[in-house]
Structure formats: structure tokens, C-alpha cells
Amino acid sequence: MTLRPPRKKIRGVRYLILTILALMLGRGAADALRPDWRVDFGSVFDNREGDDHVYDDKTYFFLSLGAEGGLSFTPRDRIAAGAMWIQPLENGVRDSRVVPVAYYRHEDPRWKFSMGLVPRTQLRRQLPGFLWSDSLAYFQRIIRGALVTYDHRCGFAEAYIDWRAHQSETRREAFNILAYGEWRPRAGRLLLGGHALMNHYAKTRNAPEDQSIVDNFLINPYIGADFSRLTGLDSLSVRGGMLMTLERYRGAGPGWRTPAGAWLEAAARWRWIEVRNSLYAGGRLLPLYDTFGASLYQGEAYYKTSFYDRADLLLHIYSNKFMNLRGELNFNLSPSNFMFYQRLMVEISLSGGKR
């Protein structure tokens, strides 16, 4: 006769083992997941005065507040979500916007990759005016797609796809793919780089027969030099090259347009004073701007003209690892048009937790 332990005792031992395993797994998961957070605050005062042939006189005055929480589940992989509130400084919240943020992020010493609703603060470098306008920088804070970056001691390369609009009965499908980078042979003073853009502007759903697709490409190869080590300045660099658009408005003739011109940029900084100048002369880079405006192009409208010079004086009034307060005077000159910006901006970023 075989003696068996009571069934209730067997169940109790089983439950105890399962409970211990659950606690062990739960503790392991808690150790593997490392939470973090980030809060960003900013405020901009931008007063624009002058001729209104390109832009109307206007004042931007607003604040932005972003909050983001994340979980790292490996030393190199992280998911995060949050939102950014953009509020004009006025009575009430009538014109406020809330922009969601949610993405996966992978980082290692060379490669970085993000996918989802990705903050544009992850970009390796601020984009030039022929690709990204000041007003978009204020209000378009995310990349709706994917971003990849490669870093090297001699330079970097970066690319992203941004799905700007999904097709509907009233809205055209729109997306753009941008790639750019810069290389310093042997980490020296010589700079080799460029930008390449594919911008696709499709039809609405059930589009009328007279509506056509726009194919828009832009290329910008350049060469430059960094003279910072040869001077007493904190930084001094010069870049110059070609800017060229290849554009076709399908079904609306006259085939491909290829406006092109010369581009030159110089920048210098000494302590808290920084100056920049960007010059373009040649064909009208944005030939359909008066037809489609910012729904097609994301660069400054000044590039729809044959000449554009922008000079910036930046005063870095106060900065530390948490904040930057700066003032700017921006002078924009194009044919029959001059516009003067006066800007004051503050940016504060706080973060914590395990990364």
C-alpha cells in the first residue's frame, strides 16, 4: 500500500512554488526595466518687421512644455511616450496644440535608430533654411516615421523619413526622405558634406482629373573648412557648394524643372557672441511655392526667389547644462524684400532616472 500526501498539501506546495517563481520573475523584470523621465520647457518671442512680399509682418509669442517617460529594457534599447503642449501667450487656450510623442530608440557608440513619433531634438544637427523654416521649427516638433544616425570620429551621416500627411478626400498624401552628413578626412580641417531630399506630394483620394502629383528633389553637395584651431575664436567654419532642385508637376507641364545656384555659409563664435551668414544666388529653388506653399515645401519661402542672404547675430546671454537663454537679430534680404527679426528664446531641459 502506497501512502500519498493529502491533495490539499500538494496544491499548497504547488501554489507556494508558483508564488516564489512569480516573485523571482517579477523582481528580475523590475531590475531589467530602468525608468527615466524628461521635461522640456521653452518660450519664444519673435517679432518680424519689414517688407511683406515674402512673409507678412508677424509676431510669434508662445511657450512649449513637453513631458516624456521612458523604459530601458536593455542597455541600448528604450521605449518612451509623452506629449508636448504648445501655447500662444494670450488669454485662453483657443489656439493651443498638444503633440503626442511615442517611439522606440536604439543607441550604441556608432548607430542610433528611432521609430514612431520621434522628437526632432534627436537630430544630429539643425537643418539649413532651404530644408527647414523657422516657423516649422516652432510648431512641428516630431518626425512621423523613422530616424537613423551613424557617428564616427571623422564625421556623421543621418537620414529620416517623415510621413507628413495621410491621404483623405481633402488632403494630399505627403512624405519626404532626407539624408545628409559631413566627413572630415583624417579628422582634419577639410569638410566634405551634403544634403539630399526626396519630397513626394501625391493626390487626394478620388482626386479630380486636373489634380497632379508633384515630384520634388533637392541636392546640396558642399566643401568647407574648419579654422577654429587657427584662431582665437571658439569656432570658425566656412561651407560652400551647389543647391539644385529637380521638380516635376505631373500632367501640368513643362516636364522637369532644374533651378540651381551657388550656396555659401559662414559661422563664427567667440564666448557668448555668435555670427552666421548664409547666401544663395541662382535659380528659384521653390518654383511652385506660390501654388502650394508650405504644404509642399518645408524650407524658407525666401528660396522661391533668385537671391537670398540671411545674417544672424546671436547673443548667448546665459547657459548651463540645464538651460540656454539667447537673443537674436536676424536680417533677411531677397529681391525687393527686407525683413528684420528680433528674437528672444529660452530653453530648459531636465531629466532623471536610469538610462
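**Pockets, cavities and aromatic contacts**

The second largest pocket has a lining of 13 residues, and R164, A165, A174, A294 and S295 are the ones nearest its centre. This is a predicted model, in which local features need pLDDT of at least 70 and side-chain atom pairs count only at pLDDT 80 or more, while totals for chains, interfaces and linings use all residues. Residues are numbered from 1 along each chain as its sequence is written, and side-chain values use heavy atoms, with hydrogens and water left out.

**Second largest pocket**
- Its volume is about 170 Å³.
- The lining consists of 6 nonpolar, 3 polar and 4 charged residues (Ala, Val, Leu, Ile, Met, Phe, Trp, Tyr, Cys and Pro count as nonpolar, Asp, Glu, Lys and Arg as charged, and the others, Gly among them, as polar).
- On a 1 Å grid over the protein atoms alone, a pocket is an open set of points with protein on both sides within 12 Å along at least five of seven lines, a cavity is a set where a 1.4 Å probe fits but cannot get out, and lining residues have an atom within 4 Å of a point.
- Points are joined across faces, edges and corners, and a volume is the space filled by probe spheres set on them.

**Cavities**
- The whole structure holds 2 cavities of 30 Å³ or more.
- The largest cavity has about 120 Å³ of space; 18 residues line it, with F130, L131, L197, Q298 and G299 closest to its centre.
- Strands β8 (174–183), β9 (190–201) and β10 (214–226) each give two or more residues to the lining of the largest cavity (strands are DSSP runs of E, at least two residues, and helices runs of H or I, at least four, numbered from the N terminus).
- That lining has 12 nonpolar and 6 polar residues, and no charged ones.
- The second largest cavity, of about 30 Å³, is lined by R125, F156, Y180, G181, G194, H195 and Y222.

**Aromatic contacts**
- There are 22 aromatic pairs in the structure (rings of Phe, Tyr and Trp, the last by its six-membered ring, with centres within 6.5 Å; planes under 30 degrees apart are stacked, over 60 edge-to-face, the rest tilted).
- Y280 and Y303 form a tilted pair, because their ring centres are 6.0 Å apart and their planes at 55°.
- Y280 is in β14 (residues 273–282) and Y303 in the loop between α3 (289–292) and β15 (307–319), so the pair ties together parts 23 residues apart in sequence.
- Y303 also pairs edge-to-face with Y308, at 5.1 Å centre to centre and 85° between the planes.
- Y303 is buried at 3% relative accessibility (buried is under 20% relative accessible area, exposed over 50%, partly exposed in between, with a 1.4 Å probe and protein chains only).
- One aromatic cluster contains Y55, F130, Y222, W263, Y280, Y302, Y303 and Y308.
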